[in-house]
Every structure is written in structure tokens, then in C-alpha cells.
Amino acid sequence: TEPLQFSIFPSLLLVATLFRLALNISGTRLILLHGEAGEVISAFGKFVVGGNIVVGLIVFTILVVIQFVVITNGAGRVAEVAARFTLDAMPGKQMAIDADLNAGIITDEEAQQRRRSVSKEADFYGAMDGASKFVKGDAIAAVLIVMINLLGGMGVGVLQQGMGFSEAVQHFSLLTVGEGLVSQIPALLISTATGIIVTRAAGESDLGRDLTTQLTAQPRALLITGIVVTALGIVPGLPKIPFFVIGA
């Protein structure tokens, strides 16, 4: 119910980022050394982008923009502000614990437990502030790796493997785009998980239960939303079934 219950997440985020970068390096080695990147990357490049390099580059660029500009920057800012406010609130929390202890409201053991909780909370948000920089650097590294694979692959294909320029561009661009998409999707999921952790306010229950409780607490808002969505389904040219189902 609280982010502190998953206090290992900053370390896990670092390990996952390094593991994903290791896969990037392995894919780059295969592309530049053998002109192949394995069945997964090749199949991903052919299936997802349909063998169209331009479409693949556009999809990759969109994913990078979503991760870097939207999710990573937002999560980094939230983590920075949360760490700052948590540190600023520490003296007040410590004084409140001392006051409760002096008044006999809590025992010495409970006071020590609360102090440890306050200290862990400050450490967690400070670590998340630093871990968000890993995610931001990971997004930058992904763009650089794609450029290196593309330019290096064309050079290797033309100079060492005897390919024509157009053939080298087609072959290595497809592999580069496939490798970039394969690595970018896990990176996007990691960035999203980081954003969810740092934006999760403390609650009495889990996220799903809080979401259901708070959304159903205002039935009038849901009713108005359903009416508006249903009305959109009446507009000529718009698909009726999806709007009617969502509005219902």
C-alpha cells in the first residue's frame, strides 16, 4: 500500500537497466560482427515494422519521445520533489515522535520503529531521485546505440562484407530498428514502473482497490462521462459499438 514496502526498487531498477544495456551491447556485437542479430530481433523487425525501415524508425522515435520526454522527465521531477519534501519533513516527524513518546502515547519500541520508518522513507525517495537519472541516461544511450548500429553496420557491410550501399542500408537498418524496438519496449516498461512507484501516494489499500473506491465514490461524474461517450457514438462517421459499450 506504500512505496516504502518495495524499498528495493531503486537497486532493482539499476540492475534491470544494466541488464538491458548488456543486451544492447550483445545485439550490437552480433550486428556489427556477423551481420545478424538473432531470430528475435530479425523477426521483430520484419513483423512489427513490416520490413519498412521508415516506419520502424518513426515507431522507435515515438517510443523514445514517450519515454524520455513524457515518462522519464515527469518521474524524475516527482522523485526530486518527493525527496526534497521528505527531507524537509524529517525534523517535524522526529519532533512528533518525541512528543508522543514523552506523553506516553507510544512506547520506546514503537518510537524506534517510527524513527526507522522515517529514515527509510527519506533514504527511499533519495534513492529514487538518483535511480530516475539511470532511466534518463538509459533513454539517451538507446538513441546513441541505434545511431552506432546504423552507421557502423553500413560501414561494415560496404567495406568488409562486400555489400552494395543500398543493400547494406536495407539490411543493417532493418536489424538496427528491430534491435532498437526490442530493447526500447522493456525500457518503456521500466520507466513506467518508476513513474508509478514515485507517484503512488500512501494509501490504506493497494492501488487497484484505491482506484475502484475513488472512482465509484463519485457516481455522478461516471454518469456524465457515460452520457458524453454515448452521445459521441451517435455522431455520424464514428464507430457506434465501441462508444456505446464504453458509455454503458
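**Ground rules.** I am working with a predicted model, where local features need pLDDT of at least 70, side-chain atom pairs count only at pLDDT 80 or more, and totals for chains, interfaces and linings use all residues. Residues are numbered from 1 along each chain as its sequence is written, and side-chain values use heavy atoms, with hydrogens and water left out. Helices are DSSP runs (H or I, at least four residues), numbered from the N terminus.

**Entry 1, H1 and H5.** I looked up H1 (9-34) and H5 (165-199). They pack at an angle of about 180° with axes 11 Å apart; axes are lines fitted to C-alpha atoms over the stretch in contact, and angles run from 0 to 180 degrees between N-to-C directions. H1 is therefore roughly antiparallel to H5 (the label is for angles over 145 degrees). On the H1 side the contact (heavy atoms within 4.5 Å) includes Phe9, Leu13, Leu23 and Asn24, and on the H5 side Phe172, Glu179 and Ile197 are among the residues. By class I noted twelve nonpolar, six polar and two charged residues (Ala, Val, Leu, Ile, Met, Phe, Trp, Tyr, Cys and Pro are nonpolar, Asp, Glu, Lys and Arg charged, the others, Gly among them, polar).

A pocket here is an open set of points on a 1 Å grid over the protein atoms alone, where a 1.4 Å probe fits, with protein on both sides within 12 Å along at least five of seven lines; lining residues have an atom within 4 Å of a point. Which residues are the closest to its centre? Of the 15 lining residues, they are Leu23, Asn24, Ile41, Glu179 and Val182. H1, H2 (38-48) and H5 each supply at least two lining residues, and H1 gives the largest share, six. I logged seven nonpolar, five polar and three charged residues in the lining.

H3 (residues 53-102) and H4 (residues 108-159) pack at about 165°, axes 9 Å apart, so H3 is roughly antiparallel to H4. Their crossing is left-handed (the near helix is turned anticlockwise from the far one by less than a right angle). Their contact has 21 nonpolar, eight polar and eleven charged residues.

For H7 (residues 219-234) and H8 (residues 240-247) I found an angle of about 165° and axes 8 Å apart. The crossing is left-handed, and Gly226 and Val229 of H7 and Phe243 and Phe244 of H8 are among the contact residues.

Note on methods
Angles under 35 degrees count as roughly parallel, over 145 as roughly antiparallel, 65 to 115 as roughly perpendicular and the rest as oblique.
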